[in-house]
Amino acid sequence: MMKTWLRLAVLVLLISLLAACGGNTDEQESAENTEENTEQMEGTESTEAVTVRDAFGEKTFEETPLKVVALEWTYVEDLLALGVQPVGVADIEGYNSWVDIDAELDQDVVDVGTRQEPNLEMIAELEPDLIITAGFRHEAIQQELEFIAPTLFFDPYPTDETVSQYDEMEETFRTIAKVVQKEDEAESVLEELDAKYEEAKEQIAAADLKTNEFVLTQAFSANQAPTLRLFTPNAMATQIFEKVGLENVYDSGQFEMYGYSEVNVEALPAVEDANFFYVVQDDDNVFENQLQSNSVWQNLNFVQNDQLYPLGGDAWLFGGPLSAMTLVDRIVEVVEEE
């Protein structure tokens, strides 16, 4: 308890000092983003108070937030899809490396630390109207974040087995849109995504695959051994594949909160008749290295029949609607290359 109060006291002091100083670089950058977001808001939706629900309950916003800090990449992407530039983002370098979407962050967006340990002082300096993050990452610093600004905590990995990660993605996107008064824009993005699914479904059908069945994996080395994340039916990425006409064949038989099981090569014979879509890093390609001489791997039907589909090492399987569009493009591309 003492530690929490100490942190709050530090934040109070910090914010007071910042208010007194003024004119620093972060404030200038934040002001530029606020001005840009304000211009974007003009002439669009009303600015009536809205009430939404996040992972911890209902939150009411009397005014439309203009200065938003996003501590999870999915929510950065959601904001950009709605035409809102955040003033602060956690781990911008990692975001730019992993999230491949058409919308880009402005150069003046401030990096506020890592997703795991955001820099509270830097966030406070930006004086945001809203902070958006994932509950599982930052529940422990909920008080500190909410002291700085109203904070929305979402849960990208629902523990309710009736709610898929895809459902959660859409609901969260719509919730953020409601708070920033961009509901029409959100529906347009989701309609565009649905149209993309239909177009991709026709392109994949025209590719005339040996089978429409698939298994999706993200592979890497762990303790010097090949490890594979096989994605389960509740995963967002799995549902994107199914929306373009493919049929998932992997199910661990139990609920996997994160949407995948970690297995080794011995689990693959059970799904060897499917198409094998995979994400692996160039500098840790377990298929071309550790498994190249592995008899189990070499005798799998999808290896023997050349039904291997690399999606690229930077394929992001956990994002929002714009990442879903990118993933669909990559699926179509590798299928049509066959």
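Residues are numbered from 1 along each chain as its sequence is written. Because the model is predicted, local features need pLDDT of at least 70 and side-chain atom pairs count only at pLDDT 80 or more, while totals for chains, interfaces and linings use all residues.

**Helix packing**

Two packed helices are described by the angle between their axes and the distance between the axes. Helices here are DSSP runs (H or I, at least four residues), numbered from the N terminus. Axes are lines fitted to C-alpha atoms over the stretch in contact, and angles run from 0 to 180 degrees between N-to-C directions.

| Pair | Angle | Axis distance |
|---|---|---|
| H3 and H8 | roughly 55° | within 10 Å |
| H3 and H13 | about 95° | 8 Å |

H3 covers residues 73–81 and H8 covers residues 165–179. Their angle makes H3 and H8 oblique to each other, oblique being whatever is left after under 35 degrees (roughly parallel), over 145 (roughly antiparallel) and 65 to 115 (roughly perpendicular). On the H3 side, Tyr75, Asp78, Leu79 and Ala81 make the contact (heavy atoms within 4.5 Å), and they meet Thr172, Phe173 and Ile176 of H8. By class, that's five nonpolar, one polar and one charged; Ala, Val, Leu, Ile, Met, Phe, Trp, Tyr, Cys and Pro count as nonpolar, Asp, Glu, Lys and Arg as charged, and the others, Gly among them, as polar.

H3 and H13, in turn, are roughly perpendicular to each other. Here Glu77, Asp78 and Ala81 of H3 touch Pro321, Leu322 and Ser323 of H13. That contact splits into three nonpolar, one polar and two charged residues.

**Pocket and cavity**

Both come from a 1 Å grid over the protein atoms alone: in a cavity a 1.4 Å probe fits but cannot get out, a pocket is an open set with protein on both sides within 12 Å along at least five of seven lines, and lining residues have an atom within 4 Å of a point. A volume is the space filled by probe spheres set on the points, which are joined across faces, edges and corners.

The largest pocket comes to about 470 Å³. Of its 25 lining residues, Glu72, Arg115, Tyr157, Trp316 and Phe318 lie nearest the centre. H3, H4 (92–98), H6 (135–138) and H8 each supply at least two lining residues.

There is one cavity of 30 Å³ or more, and the largest cavity holds about 60 Å³. Its lining includes Trp98, Asp100, Trp316 and Arg330. H13 (residues 321–337) gives the most to that lining, with four residues.

Key:
Side-chain values use heavy atoms; hydrogens and water are left out.
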